[in-house]
Amino acid sequence: MVCVLVDGEINTGAHVLVNIIFHYPPELMSLLIDTIPLLNRSKKDVLLFFYGAGVSESLLTDIRQQLKLDPNSINKFEITRKVLTRLNEKGEATLRERREILKRVIEFESFSTCWDNDRLKAKGLVAEIRDTVNVKDSFTRMKLERDMEKKKYMAESQQKAEAQRMEREKLKRIKDDFAALFLEKDPHKRGKKSEAVLNALFEAQGILVREAFTIKLDSIGVVEQIDGVIQLDGEIYLVEMKWYQNKLGPAEVGQHLVRVFNRGDVRGMIISSAGFTSAAVQQCKEALVQKTIVLCDLEEYFFALEQEKDLLGMLREKVKSAMIDKNPYLRF
């Protein structure tokens with residue numbers, strides 16, 4: 001395999017090798033010391049090889065001087081060892097030079113320039129260096145992939161934790177606003193605040209609000225009647241909430257039943273702050289023959305929120321009770 005340089009980094013096939021060149025590891029260092037002298041016929045050729053790879057003249061000057069004064073005092077292997085050791089010791093400062101040297105060795109193909117006795121050995125060493133680089137690249141790639149997966153997992157965990165924290169804070173605000181409703185004495189103010197609480201509560205619990213809850217001001221007698229539309233498991237529910245001091249009787253419940261019966265394929269839900277009389281429950285039970293009607297106490301919503309229970313699951317159980325057991329007023 002022939003490695004190429006991509007954006008200043010050696011690329012073996014499709015993978016970029018980085019950490020192996022920051023410092024030549026011992027096994028690669030040894031291979032380079034054995035190989036570079038075989039690729040260059042003379043000592044001057046070895047120096048020229050390093051110079052062509054961008055090695056600073058300051059790292060080569062004393063070696064040139066030594067060769068000039070006493071050519072036999074140092075051989076090609078010793079020259080290679082000195083230069084590579086100096087480059088390795090400088091770390092990041094000579095990273096580019098080490099990359100270029102490794103690139104030139106791996107891409108070397110003109111073995112005809114080698115001495116005849118060195119040619120086969122040089123080919124074998126270059127192949128071994130290529131294999132070493134590829135193996136190192138595989139480990140590097142796997143480590144990078146593991147690191148990336150770890151970072152991705154940590155980021156997702158942090159995002160999930162942050163989302164959960166924000167959700168808890170949202171539910172706490174809703175719970176505080178909900179609790180404040182029971183302290184509000186002004187019916188009109190309580191009604192307006194109830195709108196926001198119900199809208200926020202259903203949305204926070206994953207229940208689709210088709211039409212936001214709004215207070216009806218038809219007359220002073222129904223100032224606390226709040227109507228809205230939700231979608232639960234694909235079914236549409238007309239919802240009415242009444243905040244009365246006394247339990248809702250057939251007359252109060254009947255008003256909402258009429259609205260439900262006058263519409264198409266919709267269901268009904270009534271939320272009461274004071275509960276329902278037995279006569280009202282019986283009236284809704286009889287209506288179950290034609291329509292699904294669910295009765296809820298307002299405090300059930302508050303306790304579900306306070307105890308961090310599944311409001312959606314609670315409503316599903318109420319619907320199931322109404323449809324299967326013919327009981328519109330399953331209490332929790």
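Ring pairs join Phe178, Phe182, Trp243, Phe302 and Phe303 into a cluster in this predicted model. Rings of Phe, Tyr and Trp (its six-membered ring) are taken as paired if their centres lie within 6.5 Å, and a pair is stacked with planes under 30 degrees apart, edge-to-face over 60 and tilted for the rest. A search of the whole structure gives 9 aromatic pairs. One of them is formed by Phe49 and Phe50, which are edge-to-face with 5.6 Å centre to centre and 75° between the planes. Phe49 is buried at a relative accessible area of 10%, and Phe50 is buried at 0%; buried denotes under 20% relative accessible area, exposed over 50%, and partly exposed in between (1.4 Å probe, protein chains only).

Phe276 and Tyr329 also form an edge-to-face pair, with 5.1 Å centre to centre and 80° between the planes. Phe276 lies in the loop between strand E7 (267-272) and H10, and Tyr329 in the segment after helix H12 (311-324), so the pair ties together parts that are 53 residues apart in sequence. Helices (H or I, at least four residues) and strands (E, at least two) are DSSP runs numbered from the N terminus. Phe276 has a relative accessible area of 5% and is buried; Tyr329, at 13%, is likewise counted as buried.

Charged groups also lie over aromatic rings, the criterion being NZ of Lys or CZ of Arg within 6 Å of the ring centre and within 35 degrees of the ring normal. The charged end of Arg41 is placed over the ring of Trp115, 4.4 Å from its centre. Arg64 lies over the face of Tyr51, at 6.0 Å from the ring centre.

Side chains of opposite charge can pair when their charged atoms come close. With a salt bridge defined as a side-chain nitrogen of Lys or Arg within 4 Å of a carboxyl oxygen of Asp or Glu, the count is 17. In the bridge between Arg165 and Glu162, the closest N and O atoms are 2.5 Å apart. Both residues lie in helix H7 (residues 116-181), 3 residues apart, about one turn of the helix. Arg165 is partly exposed at 32% relative accessible area, as is Glu162 at 34%. A network of salt bridges links Glu162, Arg165 and Glu169.

Helix H7 also holds Lys172 and Asp176, 4 residues apart and separated by about one helical turn; their side chains form a salt bridge (3.1 Å, N to O). Lys172 is partly exposed, with a relative accessible area of 49%, and Asp176 is partly exposed at 38%. The salt bridge of Arg267 with Glu235 (3.8 Å, N to O) links distant parts of the chain, Arg267 being in strand E7 and Glu235 in strand E6 (residues 235-242), 32 residues apart. Arg267 is buried at 14% relative accessibility, whereas Glu235 is partly exposed at 26%.

The structure holds 0 disulfides (pairs of cysteine sulfur atoms within 2.5 Å). Cys114 and Cys284 are each buried, at 0% relative accessibility.

The mean pLDDT (the predictor's confidence in each residue, from 0 to 100) is 84 for the chain, and 86% of residues reach 70 or more. Confidence is lowest in strand E1 (residues 4-6), at a mean of 38, and highest in helix H10 (residues 278-287), at 96. Over residues 1-21 the pLDDT is below 50, and this stretch has 55 contacts (heavy atoms within 4.5 Å) beyond near neighbours in sequence.

Residues are numbered from 1 along each chain as its sequence is written, and side-chain values use heavy atoms, with hydrogens and water left out. In this predicted model, local features need pLDDT of at least 70 and side-chain atom pairs count only at pLDDT 80 or more, while totals for chains, interfaces and linings use all residues.
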